[in-house]
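Subject: Structure handover

Hi,

Here is the structure for you to pick up. My notes on it follow below.

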Amino acid sequence: MVAHIVHIAPPSDKTLGLYPRMKGDAATKPARCLRTDCYRCDGSGVFSTLGMCFRCGGNGVDPTTKAWAFPSDWSDEQCAEFLVKTADYAAHRRELAQARKAKKAAVILDANVAANPALAAVISPNEAVAELLWGTPFFDMMETARKFPLSEKQVVFMVSLFEKASAADAVVATTVGSFFGEVGERLEFEGTVRVVMNTESDYGTQRFVILDTVDGGQLVLSGTSAWLWDVNEVGDVVTGKATVKAHNLKEYRKVTTRQSVMTRAVALKG
Ligand SMILES: [Zn+2]
């Protein structure tokens, strides 16, 4: 942001009446005015080849920053000093207002905790639990708890969200299933459909199927072959023959599943 102090042109007789403080010597001694250049046109008032800048209306002055007018006999240093002081004062006031707000919020939260002791255990979740609580209404409700008295129903809901997240956090990381065959092997397989969806790629729409195997592992099939489109229902048992392309580990909420990516899959006849 570019700010500089410029002398504005003396007001015309027509506008003079609108600014009482500029009456008198204004015509000969214009007020100083701090202006910030409009960032869209860099203060030129013209935007590239499109003509007049619509952000500033062509006058080059940023429309959202405050414009200050100073007594005409102030030096540039005096103007600058005033601006620093003003900024400091505003920052100080902001700090005070924030502190006041925080204090008020703490009082309301304390009252909520006093009325609902169950709340005390959930208001400061640890980092891992907090991460699991993101995406739930928990933190919105925490904000509410700092502004208004909570109803019993709200507290029960917050506690249930917290307990759910804590339970998920308490799960010990495990790895399940086993890899299917060796990479490069062509094998017959059987699995229960867990996920079936279409994916878009440069080569068109592909069918994407994940199967659960009996030992808890997963098989990933994808392709365009017709029989894959016949796989529709989650829970259906699918049998086929395919070549093992890769072995991957897929982690979801601390459970790592051994996944085998299959290629050139065909349905088994009969
Ligand atoms: Zn502009």
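Residues 24 or more positions apart account for 55% of the contacts with a separation of 6 or more. Bear in mind that this is a predicted model. The secondary structure comes to six helices and eleven strands. Of the 270 residues, 16% are buried.

Confidence comes next. The mean pLDDT is 84, and 86% of the residues score at least 70. Helix 4 (residues 138-145) has the highest confidence, at 94, while helix 1 (residues 13-16) has the lowest, at a mean of 52. The pLDDT is below 50 over residues 16-20, a stretch with five contacts in the model beyond near neighbours in sequence. Residues 25-30 also have a pLDDT below 50; beyond near neighbours in sequence, that stretch has eleven contacts.

Now the helices. Helix 2 covers residues 76-115, which is 40 residues. At 1.5 Å a residue it should span 58 Å, and its end C-alpha atoms are 59 Å apart, so the two agree. Helix 2 is hardly covered: one of its 40 residues is buried.

Helix 5 (residues 152-170) has 19 residues. From first C-alpha to last it reaches 27 Å, close to the 27 Å expected at 1.5 Å a residue. Which residues of helix 5 are buried? They are Val 155, Met 158, Phe 162 and Ala 165. These cover an arc of only 95° around the axis, so they sit on the same side of helix 5. An α-helix has 3.6 residues a turn, so residues three or four places apart point the same way. On the other side of helix 5, Glu 152, Lys 153, Ser 160, Ala 167 and Ala 170 are exposed. The buried residues of helix 5 pack against helix 3 (127-133) and helix 4.

On to the strands. Strand 7 (residues 186-201) and strand 10 run antiparallel, joined by seven bridges.

The hairpin of strand 10 and strand 11 has two residues between the strands. Arg 253 lies in this loop, between strand 10 (237-252) and strand 11 (255-267). Arg 253 takes a positive phi near 45°. Is Arg 253 buried or exposed? Arg 253 is exposed, because 10 other C-beta atoms lie within 10 Å and the cut-off for exposed is 12 or fewer. The C-alpha atoms of Arg 253 and Ala 168 are separated by 7.7 Å, although the two are 85 residues apart along the chain.

Last, the cores. The largest nonpolar core has 13 residues. Phe 189, Val 209, Leu 211, Leu 219, Leu 221, Ala 242 and Met 262 touch the most other members. Strand 8 (204-212), strand 9 (218-223), strand 10 and strand 11 each supply at least two residues of this core. Another core, of twelve residues, lies apart from it and includes Val 129, Leu 132, Leu 150 and Ala 165. What does Ala 242 contact, leaving aside its neighbours within four places in sequence? Its contacts are Phe 189, Leu 221, Met 262, Thr 263, Arg 264 and Ala 265.

Best wishes

Note on methods: Residues are numbered from 1 along each chain as its sequence is written. This is a predicted model: local features need pLDDT of at least 70, side-chain atom pairs count only at pLDDT 80 or more; totals for chains, interfaces and linings use all residues. Helices (H or I, at least four residues) and strands (E, at least two) are DSSP runs, numbered from the N terminus. A residue is buried if 20 or more other C-beta atoms lie within 10 Å of its own, exposed if 12 or fewer, and partly exposed in between; C-beta atoms are placed from the backbone. Two residues are in contact if their C-beta atoms, placed from the backbone, lie within 7 Å. The expected span of a helix is 1.5 Å times one less than its number of residues. A nonpolar core is a set of buried Ala, Val, Leu, Ile, Met, Phe, Trp, Tyr and Cys residues joined through C-beta atoms within 7 Å. pLDDT is the predictor's confidence in each residue, from 0 to 100. The arc is that of the directions from the helix axis to the C-beta atoms. Two strands pair if DSSP finds at least two bridges between them.
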